[in-house]
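Hello,

Here is the structure we talked about. Please open it alongside this note; what I found follows below.

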Amino acid sequence: MRRALTAIEQVLKEQPPKDTQAVQALADSTTGMELLALVGQEAGATVILRHNGRQVGRAVVLRGTAGATFAGIIPGRYHLSLSTGWNVWDQDLQAKDLLVGLAFPGEPIAAAAKTRSLDERATVVGTVADGALGIRVIPGRESGTIRCMWT
Amino acid sequence: MSLRFICELMVASRDNHHTVLSYFHNSRPIFSTYDDHELLFVQLIHRLAKDAAYDGWSQRDIDTAVSLTTDKFTRFPDKPGDLDCRKTFQAALDVLASKPSTDALSQELALASILNALAHKQFSLSLREARRSGERTRYVWQISGGELRLLLPRSLSGVQRGEWLHRNAGSVDLSRTGERERVQGIVDAAFGAEPVSLDEAVGVSSAGDAPWRALDRVGEVGLATCLADEKADTVERLRPSIRRLGADTVRALVHAIFEGIGTTQYREGDIAAMFGLDAASFSRFAGSRWSADSNRVPDLWCNLAKLLSAKPHFIELCQDAGVWESVQKVVTPRPIGS
């Protein structure tokens, strides 16, 4: 047991990778995500997404990474809160916010999805939690995506 | 609303504090135990009471501890001098203010962690306070045309109490500042009581007896340093043979143990000799021949297990490392006598 604990200790002391891609790759695995949160003390904030009052997503947002992504967003009222109970975002999302075809009328859907960067495609952009959490709503072909970033 | 804003509202409020307090207690699941997370305050207290019962505390002590802890987090004063839960929230804000300035999200997480630690510590102190109070009763000593309210042991009967105080309390001057504390101090010294000041405890500025304080720094300095510091800070509570080493040596001892256990050359006897400890003392502190099923888990490993089981991140890491079952066995309270 002690040897295993020492191994944990060594893992904990490793510095998190600086490279954004490596961080994101690590964050994609549950263990990696937790580990990052652990190494960078209080680096991870759990966010909970509710659609019309029902929880539809839960993720850990890590500082300095691409953030948490909630896909398959359909029209309705959305609430985003922290696991501490702080309701940070409340937004009514409509089809024009979530579908590329309606968000960019007149522009071929494939072209809009390919040529625009994610930031350019975002239909809702804002910061919440006193500016600490950035939120983007990105339209897709059949549903949208909500992305939260710890800025 | 952020936790910080809620706490600030409560501390500053005069008229609407019950509304804010209810909002906090009904909608903020910021509390946790080693295996339960996102609990409201009332759920945490219920859980701590259950654990205390399992740990062998009497129902009377538990009820008192629940009441004292709940008051600390919910009670507003009816008159000056009454218990005031705003002090608890102010204490949490003070701890937060002592940390480096960060963004609102970091502050939210830090404050949740501080309030959780406060609730745990408060409950633990309240249990001790309840046990202490159970062994003593209040006595109003009529003296010099006035009175002193004191806590005296049950072993002294009514008549004996006055006589004992007259014999031992020295010259009493009720106009002297702190006279009650002076006389109570004489009683405490004579009967070996260990008073616990719940108001002082709220500040969590002193060294804690649980690893909660250490948890704040784990990500920063690692497990070994956290445990070494925790042991050094609470050296007066360690076994006499370890306590004699002093805080700095205890810190070095813990570091030596952690550095040693990762190597193939680790010899307990060598470390014990290096620090002037006999084999039995070292074994009780950090010996390697023990079983997690045993009630005699060495102190250091017991602390380490508690630390590991206090946060979901550690639990997951322990599960991945295949040691979670062992850790759980160490931290799961066993009924007294089992």
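Two strands count as paired if DSSP finds at least two bridges between them. Please keep in mind that this is a predicted model.

Start with the strands β4 and β5 of chain A. Strand β4 covers residues 76-82, and it pairs with β5(A) in the antiparallel sense over six bridges. One bridge to look up: A:Leu80 has A:Trp89 of β5(A) as its partner.

Next, go to β1 of chain A, residues 44-51. It runs antiparallel to β2(A), with eight bridges between them. A:His51 faces A:Arg54 in β2(A).

In chain A, four strands in the order β2-β1-β4-β5 form an open sheet with antiparallel pairing. Its edges are β2 (54-62) and β5 (87-93) of chain A, each of which pairs on one side only. On average, neighbouring strands of this sheet are turned by 20 degrees against each other, direction ignored.

Then switch to chain B. Is helix α17, residues 299-308, largely enclosed or largely open? It is largely enclosed by the rest of the structure, because seven of its ten residues are buried. In α17(B) the buried residues are B:Leu300, B:Trp301, B:Asn303, B:Leu304, B:Ala305, B:Leu307 and B:Leu308. For this count, buried means that 20 or more other C-beta atoms lie within 10 Å of a residue's own.

Best regards

Technical notes:
Residues numbered from 1 in each chain as written. Chains lettered and ligands numbered in written order. Predicted model: local features only at pLDDT ≥ 70, side-chain atom pairs only at ≥ 80, totals over all residues. Helix = DSSP H or I, 4+ residues; strand = E, 2+ residues; numbered from the N terminus. Axes fitted to C-alpha atoms, helices over the stretch in contact; angles between N-to-C directions. Buried ≥ 20, exposed ≤ 12 C-beta atoms within 10 Å, placed from the backbone.
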